[in-house]
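Thanks for coming, everyone. I have one model to walk through today.

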Amino acid sequence: MIQGFVQALRVQSKIVFIIVRNMRGLTQIVVMAENSEFEIAKSLTLESVIRARGEMKDTSQAPGGKEMHPTKIEILSKAEPELPIPVVSIKGGEETDAPLRFDYRWLDLRKPEKALIFKVWTEFEKGWRKYWDKEGFTQLYPPAFMSTPSETGADVFEVNYFDKKAYLAQSPQFYKQMAIASGFEKVFMVGPVFRAEQSFTTRHVTEFTGWDFEIAYVNSHEDVMNAEEGMIISGFEQLAKSFPELNLEVPKKSFPRITMVEAKKILKSLGVESGEEHDLSPEEERAISEYVKKEFNHDFVFITEYHKSKSAFYHMRLEEGSDRSRRADLLYKGIEVTTLAQREHRVEILEKQAKEKGMNLKPLKDYVNFFRYGCPPHGGGGVGPARFIMRILDLPNVREATYLPRDVKRLNP
RNA sequence: GCGGUCGUAGCGUAGUCCGGUUAACGCGCCUCCCUGUCACGGAGGAGACCGUGGGUUCAAAUCCCAUCGACCGCGCCA
């Protein structure tokens, strides 16, 4: 029995060829004029869903060497004859524009190369979970509703919450830290995060999947980087095993680590114009990644020791009084995929740093309280898996690595 | 938000610079023909008021103004 979509129909006067597509691939069905199903076969339309029963026969004439001679063909769902976007776009030039494809995402995803994106994602995540499992991480599920913004610096979505205002989480930052205060020691979270930024780029969307992890008793952000390297390597190992045809190289320990100050020096020597003193522009991120690839033959690089002006109030300083923090961003092939840091778990310093940032301590009360009754020193990071997948598969846009992208302009389907 | 590019049949494009009669091509769709296709082939056909509004002109897809939308880059952010 074969069930699937009609990918191709070749109707001749006395013989019909049907190519059926399903998750296992393509199968040819041959219907001769004397077959009782001949009229049904002739009446099919592209992308209709059918079920065929019959005998599989070996033949050199069929693509793949096998074909079905059906005794019964059922039309489970007939597709309207004219598709709004082509599913098979071998003929007639270039691919349909992305916005239109996203309007008809369920047709777009019928293309095996699009479905592959999400199979790769699944395997990649499996690899990360293998690491988390091996290292004894606990998975927790944070809420998306918050009474106060989670203070990553990004704008938040405000939603009505009965007689109050609520905010959609920009990250599970506060809640994963709370898990450390709860004694879990190692936690990870997988879920949607929301950013109300009017960004028009190939790497920003308003809702995306975040992978977050937090680890207790770290000595510095170096420990957090070491842990993330383990997760990434485990992810790539899983991919290399499941998709050998992608010829992926598993990244090697240790990933290059460059401080922001050094990075700026390198960029200057490369003649790349510096925009901001304490941050990297997209152009600088690409340039430093190229440099690292050339010098160290590595696709990853940690940019470390951010200036306090570019660090969150909860990032621990390098040492007390330092204007550098224990924060690092991970760049993968020129794009930022992680921000990580050791957190400040000492209440007095935390409050001091929040005040320095001009923040109101009142809405932070619940958060700061996490650290009042004993909390291990800890650190962690947030990862954008869609950006990983985008670079792994060399996709032109994160939206392609997002099942149903949500951006400034798109809220459908 | 700023800058750039682009809106022409269901899809992808040409035509726009240099205005001129039925807006072209490929795919898809419809009808007919074809016993082994595999980008099947052959014959015929339908389908576009050229994003929208205004202007210039004897004449506008084409020139001018406005407007809407989309994408890319930057900014913001991750």
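**After helix α11**

Start with Asp394, which follows α11 and has a positive phi, near 60°. Helices here are DSSP runs of H or I with at least four residues, strands are E runs of at least two, and both are numbered from the N terminus. This is a predicted model: local features need pLDDT of at least 70, side-chain atom pairs count only at pLDDT 80 or more, and totals for chains, interfaces and linings use all residues. Residues are numbered from 1 along each chain as its sequence is written, with chains lettered from A and ligands numbered from 1 in the order written.

Is Asp394 buried or exposed? Asp394 is exposed, because 7 other C-beta atoms lie within 10 Å. The cut-offs: buried is 20 or more other C-beta atoms within 10 Å, exposed is 12 or fewer, partly exposed is in between, with C-beta atoms placed from the backbone. Lys333 is 61 residues away along the chain, and its C-alpha atom is 9.9 Å from that of Asp394.

Now α11 itself, residues 385–392. Seven of its eight residues are buried. Among them are Arg387, Phe388 and Ile389. The cover includes α4, β11, β14, β15 and β16. Contact means C-beta atoms, placed from the backbone, within 7 Å.

Next, the cores. A nonpolar core joins buried Ala, Val, Leu, Ile, Met, Phe, Trp, Tyr and Cys residues through C-beta atoms within 7 Å. The largest has 63 residues, and Ile389 is one of those with the most contacts inside it. Its largest share, seven residues, comes from α4. A second, separate core has twelve residues, including Val6 and Val31.

Notes
Contact = placed C-beta atoms within 7 Å.
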